[in-house]
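Let's take a walk through this one together. Have the sequence and the 3D view open side by side, and we'll go from the overall arrangement down to a single spot in each chain.

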2 protein chains.
Amino acid sequence: MANPTAAICVIGDEILSGRTKDKNIGWIAEQLNGLGIQLTQARVIADVKETIIRHITELSDENDYVFTSGGIGPTHDDITTESVAAAFNVTVERNQEAMRRLEQHYKGTEIVLNEVRKKMADIPVGATLIDNPVSAAPGFQLENVYVMAGVPSIMQSMFESLSASLKGGIIPTRLTVQCATGEGNVAHILEQISNQYETVSVGSYPWFKPGQFGTAVVLTGLDESLVSNAAKELCQLVKHAGFEAEDAV
Amino acid sequence: MANPTAAICVIGDEILSGRTKDKNIGWIAEQLNGLGIQLTQARVIADVKETIIRHITELSDENDYVFTSGGIGPTHDDITTESVAAAFNVTVERNQEAMRRLEQHYKGTEIVLNEVRKKMADIPVGATLIDNPVSAAPGFQLENVYVMAGVPSIMQSMFESLSASLKGGIIPTRLTVQCATGEGNVAHILEQISNQYETVSVGSYPWFKPGQFGTAVVLTGLDESLVSNAAKELCQLVKHAGFEAEDAV
């Protein structure tokens, strides 16, 4: 059986303008890989309601899971919650449990839980809250969409709160064979291995440093023994062709 | 008149697996911003021919420019060239000028320009070459799609080769007003300014460091004087509300 699939949707004008560099796609990608969930695509989109609705609908239809980051704060440009609710034709209402958490969080501080901050307790009807150990204001899960904050530390704490509830798959085996030559000299071997082991993905990543160059060949698949055999055979073929190759690690 | 629009499409399984962290979206986003070209979205997609065709077609239809990175090397998993050609129903052929550049590049080195490396001179019919000052093998422009390498240093040198040919727009004016308070205390002011200056985008970015917190309010728009007026008015309103605010920079 194939692994469950997922998509990431980063929502925020500040990423598209280049002002802020996204760190969430790479981090979530690694987590999903470790859970045996296949990331099929990632998107960065603008803070525009119709845009969010369109992309969330598309990604939700095509994947088992969708993870969003950004746009759930208290200000006028935080429109992810209302947009995701609209994508599933549900309304947003003040969530009592979310309110309790905000009250608890701000109690004894100088920060007033005013009407604007209470907006962070507005959650789509039927959604499940996602814990926010960093700053209390929760994310939420609606259908197969998990809505998280954009600030990396908060997003990460939310993902860790929810990840145990995800149904993972087989964790891919990934082996790297280092070849001490350019990829143009081993490409025919890579193609042969790729054809021979249909379920093993063979990636080729050339690298350069002063006075040296080589190719990292990354073999990935769900069947550990097949990946291991493919790596061994690749290594032997590269050596037979007259180039150095390091056993898979 | 609105600025030209663009999309970025990063092609590569190694980004989706989390093994490699993308650095191209943020870099290209900054360049486009500096050229007055509006980045509408960015996608990371898999090395699968049908997937590439589908996304390139969609992004090309919806934007003035599309920039891709990844998948134009010599190995079997480098399928961007044939996929982009297929998206526009053209064939791929060995390009004589690209061959000349590869021959020139490898002349006098120990590297043999074998059949596999010659694949990097296969270019869609009707495409224009994009110079590669780093490693010779060119990218190409087909219709409104610019196909570049995935390695950041090579991609950047390619983008710099082509950027003078892009038709830019008005470079957005971006001013930041630093408010020494949480965004929950100034959100109503931000909303007022956002409603009052319809063509100015008002972004709110809270920040925290030990013992301090605040909100960076970023005002962006194509009309410099409107952005400047909005920033001044915002600053005054925040001060009137009893919080410190630093003049726009």
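This is a predicted model: local features need pLDDT of at least 70, side-chain atom pairs count only at pLDDT 80 or more; totals for chains, interfaces and linings use all residues.

Start with the pair as a whole. If you take chain A and rotate it by 180 degrees, with 0.0 Å of shift along the rotation axis, it lands on chain B with an RMSD of 0.0 Å. The two copies are therefore related as by a two-fold rotation axis.

Now for the place where the chains meet. Of the interface residues of chain A, 100% are also interface residues in chain B, so the copies meet through the same surface.

Next, zoom in on the backbone of chain A. Between α4 (80-87) and β4 (92-94) there's a loop, and Asn89(A) is found in it. The phi of Asn89(A) is positive, near 55 degrees, and this residue is something other than glycine. Is Asn89(A) buried or exposed? Its relative accessibility is 74%, and exposed means over 50%, so Asn89(A) counts as exposed.

Hop over to chain B and look up Asn89(B). You'll find it in the loop that runs between α4 (80-87) and β4 (92-94) of chain B. Asn89(B) isn't a glycine either, yet its phi is positive, at about 55 degrees. With a relative accessibility of 72%, Asn89(B) counts as exposed.

Definitions and conventions. Residues are numbered from 1 along each chain as its sequence is written. Chains are lettered from A and ligands numbered from 1 in the order in which they are written. Side-chain values use heavy atoms; hydrogens and water are left out. Copies are superposed by least squares on the C-alpha atoms of residues with pLDDT of at least 70 in both. Contact means heavy atoms within 4.5 Å. Helices (H or I, at least four residues) and strands (E, at least two) are DSSP runs, numbered from the N terminus. Buried means under 20% relative accessible area, exposed over 50%, partly exposed in between (1.4 Å probe, protein chains only).
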